[in-house]
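Biologist: I would like to learn how to read a model like this one, step by step. Could you take me through a few features?

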Amino acid sequence: MAKQAGGQIDTVMQESRVFPPPSEFAERAQIGSMAAYEKMWREAAADIERFWGSLAGELHWFRPFEKVLEWHEPDANWFVGGQTNISYNCLDAHLTTWRKNKAALIWEGEPGDSRTFTYQQLHHEVCKFANVLKKLGVQQGDVVSIYMPMVPELAIAMLACARLGAIHSVIFAGFSAEAIADRNNDAGAKVQLTADYGWRRGQELPLKKNVDEALDKSPTVKHCVVLKRTGNPVHMQEGRDHWWHDLTAQAPNDCAAESLDSETPLFILYTSGSTGKPKGIKHTAAGYNLFVKKTFEWVFDYRDEDIFWCTADIGWVTGHSYCVYGPLSAGATMLLYEGAPNWPDEGRFWQLIEKYRVNIFYTAPTAIRAFIKWGDAWVDRHDISSLRLLGTVGEGINPEAWMWYHRKIGRERCPIVDTWWQTETGGIMMSPLPGAIPTKPGSCTKPIPGIIPAIVDSSGKPVPPGQGGWLVITKPWPGMLRGIWGDQDRYREQYWSKVPHSYLAGDNARCDADGYYWIMGRIDDVLNVAGHRLSTIEIESALVSHPQVAEAAAVGRPDEIKGEAVAVFVTLKNGEPTDALRKELKAHVRKEIGALAQPDDIRFTGALPKTRSGKIMRRLLKDIASGKATVGDTTTLEDYSILAKLRSEEE
Ligand code: PRX
C-alpha cells in the first residue's frame, strides 16, 4: 500500500484478467454491447432529467408528474406533482396482464416447507393485511416497525404499509432488544410486527421475547401483531398483542392503493455511520420505485421466464430493493429462503437452485468464501446448470473468490455482476451490465446509466486515473436517500458538505485507465463484517456501558470468511482480566447491539496507545489485531502504550 496526498490509500493490487460477456449471453441481452451501454450512459449523463423522465412512464401514475426533478442541494424532489403507489406498481399493475397468475414469490422455509404466491394471491394477502393495519389505526405517515424472519409475511407487511402510505422500518432479526427499542424510539413507531420465533440452523430464535423486552422501552408502540411461525408458546400481552391469523381472518379482502405524492416516505432503514448512533436512512416512494425497477432489469438482464434469487435478508437494503421492490415492480418470479446456507447441510443453496431451477443468483462475497471453505463436493452433488447469471454485493470480492465463483458456479459461461451500492443509494450504482461490459475480477466496473461518479482528493479535485481517492456521485439520482430520519443537518454534513456539490459515498476507490472502478474500503470508522456495516464507535459505546470497562477501542482485522472481524482492546476500571470476563463482555455487546457485532477477539490492556493529543492510535491497534506488530509474550494484561511510544519514536 502506498500513501497518497490527501491521506488516500493507493492499491498495489494489479488484476489484468478481462472476461468479455459470453456471445450467447450478449446476443439475447437487453443491452448487448459496450457501444449500446456507452451510448445510453452518455445520453443519460447529458440530460439526467430527460433520461429518468422518459423511463418514469413505466410506472402507473394516478396523477402525472409535472416536473422530473427539483433540486435544492441536498434536497431532491423527483417527479414533482405526480401521484403513484409502489404497492400498486408491484401488484395491481400486473393483474391486468398475463402475469396475473405468474408466480411472484416462491418461498422455502428452513425446515423445507414451501409456499408459492402468484401476483394475484400476493395482492390478496397484501390487501387483507393493509386492512389489518388500518383497523389498528395505522394511517399515512405512521411508522410500522417490523422484526420478522424471512417469511412471505415480511414482504406482505412491507407492501401493505406502502399501500397505505405508512412508513416501514425493518429491523434485521439478528438485532437485540436494545437495538429494536433504540430504533423504535428514534422513528416513533406506532405498531410492531413480529413472529413468535424464527428458524436458524434448526434452532428457534426468540423474536417475540426480544420484542417484549424492546416494547417495555418503546412507549410509542401501541400494538404488536405476532405471526405464528414455529408454534412454541410465547407471552401475549392483553390489549397490546394480537395474533396475525386472528386479525387477517376478520379483515376484508379489498383495499385500494392510496394515491400518494411522489415524495411520500416509503421506509426508514437504520445503518451504521461514523458515530455511536445508527442513522435512519429515509427513502421515498416514486424515485426509489423507478430506480430499483430499472437497475433490476438492466443489471440482472431479467427475462420473464427467469427465476431470480437474492440470498440477502430483507432486514438489509439488498433485501428491500432486490428481494421485494425491484423484482415485483418488474413482474419477476423470485425465490425467498428463510434459513442458513449450511442447514441441514452445506449444500443447501445448491439444492435450492436445483429444486427451483434458479436462473439468476445474487449473493455476497462472505457467502462465496464460506462455500469455498466448505468444499466443491457440496456443489458437485447438485445440478445447477439452470444458472445463467451470478451477482455479488456487500463488499469487494477478492479475485480468487471471483475466479472460484466464475469456474465452479458459473461454469465459465455465466457473467458475474459485482454490484457496488449502499443503503443510502437505494439501488445499484455501479455494476457490469452483463451482456455489454467485460468484467475484471474485483472491479464493479462502470456506473449504470444515469449515475455519474468521480474520484476526488480531499479538496474535491478529480485525481488522475489509477490513483486512489474519495468516491463521489456528482448528480442526484431517483433512488438516493432523502435524508436521515429526524436529522437533516447530519444528512447535509455527512454526505454533502465535504466535497462541493457532490454526494460523498464514504468509500475510497480508484478508476483505472479503462474507466473501471475499484472500491478500496471505507474512509471512516465503519467496519464491513460479513457484508454488514458496523461502526467501531457503536461497539465501543456498548463495551463502555459495562460497569467494569473504563475504555475500549474496536478495530477491524482481516478474516478469511467474514472479510473483517471485530477486534477490541479494553482497559478495566476494576476486576481481573479473565476469560470469564471476556465471555461476559462478548455477551454484553450481543445484548446491546446483536450477535452480528459480537467481538471476535478481546484483549485487555493496561492503557490504550494514544497520540499526544489523546486520539487512540487505531492504525497501531489494527496492526496488532492483524498480527502485523509484535507484542511479545501474550500475558493476559498487556501495555500497548509502550508499543505506541516505540512507534512514535520510529515515525
Ligand atoms: O463499502 C461499500 C461496501 O458496503 C458499503 C455499503 O454498505 P450497506 O449500506 O450496508 O449496503 C450494502 C449492500 C448494498 C459500501 O459503502 N460495498 C457494497 N457493495 C460493494 C462494496 N464494496 C465493494 N464492492 C461492492 N460490490
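Biologist: How far is an oxygen atom of the ligand from an N or O atom in the side chain of T423?

Modeller: That distance is 2.6 Å. Before we go on, please note that this is a predicted model, where local features need pLDDT of at least 70 and side-chain atom pairs count only at pLDDT 80 or more, while totals for chains, interfaces and linings use all residues. Residues are numbered from 1 along each chain as its sequence is written, and side-chain values use heavy atoms, with hydrogens and water left out.

Biologist: Which other atoms of the protein lie 2.8 Å or 3.2 Å from a nitrogen atom of the ligand?

Modeller: The general idea is the polar contact: a pair of N or O atoms within 3.5 Å; within protein, one must be able to donate a hydrogen and the other to accept it, and residues adjacent in sequence count only if both atoms are side-chain atoms. Here, a ligand nitrogen is 2.8 Å from an N or O atom in the side chain of D418. A ligand nitrogen is also 3.2 Å from a polar backbone atom of G394. The protein covers 94% of the 550 Å² of accessible area that the ligand has on its own, as computed by the Shrake-Rupley method with a 1.4 Å probe; for residues, only the protein chains shown count as cover.

Biologist: How many residues surround the ligand?

Modeller: A residue belongs to the surroundings if one of its heavy atoms lies within 4 Å of the molecule. By that rule there are 17, and the closest are D418, T419, T423, D507 and R533. The shell divides into five nonpolar, seven polar and five charged residues. Ala, Val, Leu, Ile, Met, Phe, Trp, Tyr, Cys and Pro count as nonpolar, Asp, Glu, Lys and Arg as charged, and the others, Gly among them, as polar.

Biologist: Which helices and strands each supply at least two residues of that shell?

Modeller: They are α11 (317-329), β22 (416-419) and β27 (517-522). Helices (H or I, at least four residues) and strands (E, at least two) are DSSP runs, numbered from the N terminus.

Biologist: What is a salt bridge, by the rule used here?

Modeller: Side chains of opposite charge can pair when their charged atoms come close. The rule asks for a side-chain nitrogen of Lys or Arg within 4 Å of a carboxyl oxygen of Asp or Glu. The count comes to 44 salt bridges. One of them joins R229 and E338, with the closest N and O atoms 2.7 Å apart. R229 lies in the loop between β13 (223-227) and β14 (241-243), and E338 in the loop between β19 (333-337) and α12 (348-356), so the pair ties together parts that are 109 residues apart in sequence.

Biologist: Are R229 and E338 buried or exposed?

Modeller: Buried means under 20% relative accessible area, exposed over 50%, and partly exposed in between (1.4 Å probe, protein chains only). R229 is buried at 16%, and E338 is buried at 4%.

Biologist: Where do K408 and D380 lie?

Modeller: K408 is in helix α15 (residues 399-409) and D380 in helix α14 (residues 377-380), 28 residues apart. Their salt bridge has its closest N and O atoms 2.6 Å apart. K408 is buried, with a relative accessible area of 18%, whereas D380 is partly exposed at 48%.

Biologist: Which residues are linked in a network of salt bridges?

Modeller: E58, K293, K294 and E297 are linked in this way.
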